[in-house]
Amino acid sequence: MKKVFSLIAITAILLVACSPNPYRKTNRLHKKQLKNYAKELRDFPVEQENLQINYGPYAVGTTNFNLRKPNYVVIHHTAQDSVRQTLNTFTIPRTQVSSHYVISDDGEVFHMLNDYFRAWHGGVGKWGNTTDLNSTSIGIELDNDGYEEFSFAQIKSLLDLLKELKEKYNIPTENFIGHSDIAPSRKVDPNPNFPWERLAEEGFGLWYDAEEVNKLQLAKDTINTQNSNIRDSLNIVRSHVSKTANDSSKFVPQNFDPLLALRIIGYDISDPEAAIKAFKLHFIQENIDAQLTDNELKVLYNLYQKYL
Ligand SMILES: [Zn+2]
């Protein structure tokens, strides 16, 4: 009986090892697209289409250039049932969605697109003044149903990958962000179980200083409202930043405006409630509503100073 089992096991292993890549067909499509883009990039002299522009009389190609490189990493959860389902979604043209990397629950990394190409993972979004995050970022999808915890193996693989990307492209620490950060009114991924603090400890993303937050007190007239006038607030915060630059900063300054702080961190505040929720999803990770408690306000104050 034992022999039969081992025979079955060996046969199964052989079958898996010999089975053809199930994505052979779409890989061929992928290569065809790469070829077309390569052709486009080889175009020189650059075709001069707009006759309104007063071009010079001859073609001059500079000898000094390289490829543009990504400067952000946007992290997602797939909200799908399996990594196989995500790989399928990203290889069906009509879905119009993709990412550079997909990481399975057991830590396998699928590299689906060269980092220099533009994947379609961000959609409409904004971070700081950047509105086309797909053009400037690498997208990483974590296999997760949208609610579950992220496995140890998956986070380990993510950290290994982030380390390589950060070094290779010299991506700033604060530019490791989540999909919900860049699209607060549309997206809630990665879910609140995502270990942003752990990532920040490893140098991917910023985090507040809990000890400093504990020491902070609210000044009596600190604004804790989401409706103040942004222009006024800007002047108020500017004057307070300069006034408080040299003291021990144990008080949240008078008239500190949480919305302006969110904007400085990078959030799109055109929908203030969504911006607060996105901030809480990333940095508070519980009671994700549009209200800021006094303690959450202190966290925000401590954090936004790191982005100034
Ligand atoms: Zn996403």
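**Exercise 1. Describe how helix H10 packs against helix H12 in this predicted model.**

Step 1. Find the helices. H10 covers residues 258–265, and H12 covers residues 294–307.

Step 2. Take the geometry. The two helices pack at an angle of about 40 degrees. Their axes lie 9 Å apart.

Step 3. Classify the angle. Angles under 35 degrees count as roughly parallel, and 65 to 115 as roughly perpendicular. H10 is therefore oblique to H12.

Step 4. The crossing of H10 past H12 is left-handed.

**Exercise 2. Work out which residues coordinate the zinc ion and where they sit in the chain.**

Step 1. Name the donors. His76 and His179 each use ND1, while Asp189 uses OD. The distances are 2.1 to 2.2 Å.

Step 2. Write the spacing. Along the chain, the donors follow H-x102-H-x9-D.

Step 3. His76 is in strand S1 (residues 72–77). Asp189 is in the loop between helix H6 (179–182) and helix H7 (196–201). The pair is 113 residues apart and links distant parts of the chain.

Step 4. Decide: is His76 buried or exposed? Buried means under 20% relative accessible area. His76 has 1%, so His76 is buried. Asp189 has 6% relative accessibility, so Asp189 also counts as buried.

Notes: Residues are numbered from 1 along each chain as its sequence is written. This is a predicted model: local features need pLDDT of at least 70, side-chain atom pairs count only at pLDDT 80 or more; totals for chains, interfaces and linings use all residues. Side-chain values use heavy atoms; hydrogens and water are left out. Axes are lines fitted to C-alpha atoms, for helices over the stretch in contact, and angles run from 0 to 180 degrees between N-to-C directions. Helices (H or I, at least four residues) and strands (E, at least two) are DSSP runs, numbered from the N terminus. Angles under 35 degrees count as roughly parallel, over 145 as roughly antiparallel, 65 to 115 as roughly perpendicular and the rest as oblique. A crossing is left-handed if the near helix is turned anticlockwise from the far one by less than a right angle, and right-handed if clockwise. Donors are N, O and S atoms within 2.8 Å of the metal (3.2 Å for Na, K and Ca); water is not among the atoms, so sites may look incomplete. Buried means under 20% relative accessible area, exposed over 50%, partly exposed in between (1.4 Å probe, protein chains only).
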